[in-house]
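Subject: Structure handover

Hello,

Please find the structure below. Some notes on what was found in it follow.

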Amino acid sequence: MKFDVLTLFPEMIEQGFNTSITGRAVSEGILELNTVNIRDYSKDKHNKVDDYIYGGGAGMLMFPQPVYDAYKSLNVKEGTRVVYLTPVGQTFNQKMAKEFAMEDELVFLCGHYEGIDERVIETIVTDKVSIGDYVLTGGELPVLVMMDAISRMVPGVLGNGDSSVDESFSDSLLEYPQYSRPEEWNGMKVPPVLLSGDHKKIDEWRLERSLERTRELRPDMYEKWAESHPEYFELQRKKKKKAEEKARKLAKKLAKQEML
Ligand code: 6GU
């Protein structure tokens with residue numbers, strides 16, 4: 001998958017992306033990053049890319065020409081999505097990350113200063129995306145966030161049998177707590193079930209912890225999960241009934257023995 005980033009700060013994007021897991025995926029040829037410095041397309045003798053805003057107001061706005069020419073230089077095939085990072089966009093989420101990960105190539109446009117002239121946005125942008133309800137100085141950190149989330153959904157990027165697949169069932173739930181060595185640290189022990197080697201029990205324990213956390217910290221996410229997984233609660237009811245039955249039988253047996 002190829003990412004093209006139109007930005008005034010390509011070094012920020014390169015540094016961020018060519019590090020750690022995404023950096024390794026670039027070296028392995030699974031991902032490709034191409035940054036374009038919008039300033040290189042300025043026709044002004046001082047390489048100006050921004051100007052005062054019509055109608056007044058604080059700050060400067062990036063004017064259309066360098067942005068448009070930078071985009072044109074990419075020569076992307078028709079239908080390639082162009083994502084503009086803006087607090088005015090739709091809020092980014094995991095579902096969007098999965099959808100974007102199915103594209104072969106994505107173009108990202110980062111604004112700076114007060115943003116970009118609306119006319120060039122209307123001309124080239126297909127998607128407007130925000131990463132949350134707060135204001136940043138530019139689209140560079142948001143594009144790194146988006147590319148990271150998208151990259152880990154691309155097959156081969158995570159390696160180790162793709163940890164992202166592990167999230168299929170517990171998808172939309174918060175992660176369960178995890179432990180590494182040593183078995184006891186500062187008087188705190190790793191939950192014994194995790195050392196049992198019983199993978200069915202371990203999976204059950206993890207799902208329970210995920211559900212517990214999600215219900216407590218993100219009741220909105222818990223409700224959604226519960227609605228889409230009625231079979232889980234059906235299974236829990238059946239298990240409970242079976243356990244009660246067993247307890248009743250045992251009590252009966254014990255009572256009988258006592259009488260003898
Ligand atoms: Cl995409 N851009 C800026 N400048 N601020 C943001 C944002 C984007 N998402 C949240 N805040």
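Which lysine side chain meets the side chain of glutamate 204 in a salt bridge at 3.4 Å, N to O? It is that of lysine 239. A salt bridge here is a side-chain nitrogen of Lys or Arg within 4 Å of a carboxyl oxygen of Asp or Glu. The pair links distant parts of the chain, with glutamate 204 in helix α7 and lysine 239 in helix α9, 35 residues apart.

Before the rest, the basis. This is a predicted model, in which local features need pLDDT of at least 70 and side-chain atom pairs count only at pLDDT 80 or more, while totals for chains, interfaces and linings use all residues. Residues are numbered from 1 along each chain as its sequence is written, and side-chain values use heavy atoms, with hydrogens and water left out. Helices (H or I, at least four residues) and strands (E, at least two) are DSSP runs, numbered from the N terminus.

Salt bridges

The count comes to 18 salt bridges. Glutamate 204 also pairs with lysine 200, the closest N and O atoms being 3.8 Å apart. Both of these residues lie in helix α7 (residues 199-217), four residues apart, about one turn of the helix. Lysine 200 is exposed, at 63% relative accessible area. Glutamate 204 is partly exposed at 28%, and lysine 239 is partly exposed at 39%. The classes are buried under 20% relative accessible area, exposed over 50% and partly exposed in between (1.4 Å probe, protein chains only).

Another salt bridge joins the side chains of glutamate 118 and lysine 128, at 3.7 Å from N to O. Glutamate 118 belongs to helix α5 (residues 118-124) and lysine 128 to strand β7 (residues 127-130), so the pair ties together parts that are ten residues apart in sequence. Glutamate 118 is partly exposed, with a relative accessible area of 42%, and lysine 128 is partly exposed, with 36%.

Helix packing

The axes of helix α8 (residues 219-228) and helix α9 (residues 230-259) come within 5 Å and cross at roughly 75 degrees. Axes are lines fitted to C-alpha atoms, for helices over the stretch in contact, and angles run from 0 to 180 degrees between N-to-C directions. The two helices are therefore roughly perpendicular to each other (65 to 115 degrees). On the α8 side, the contact (heavy atoms within 4.5 Å) is made by Tyr222, Trp225, Ala226, Glu227 and Ser228, and on the α9 side by Pro230, Glu231, Tyr232 and Phe233.

Regards

Terms used: Parallel < 35°, antiparallel > 145°, perpendicular 65-115°, else oblique.
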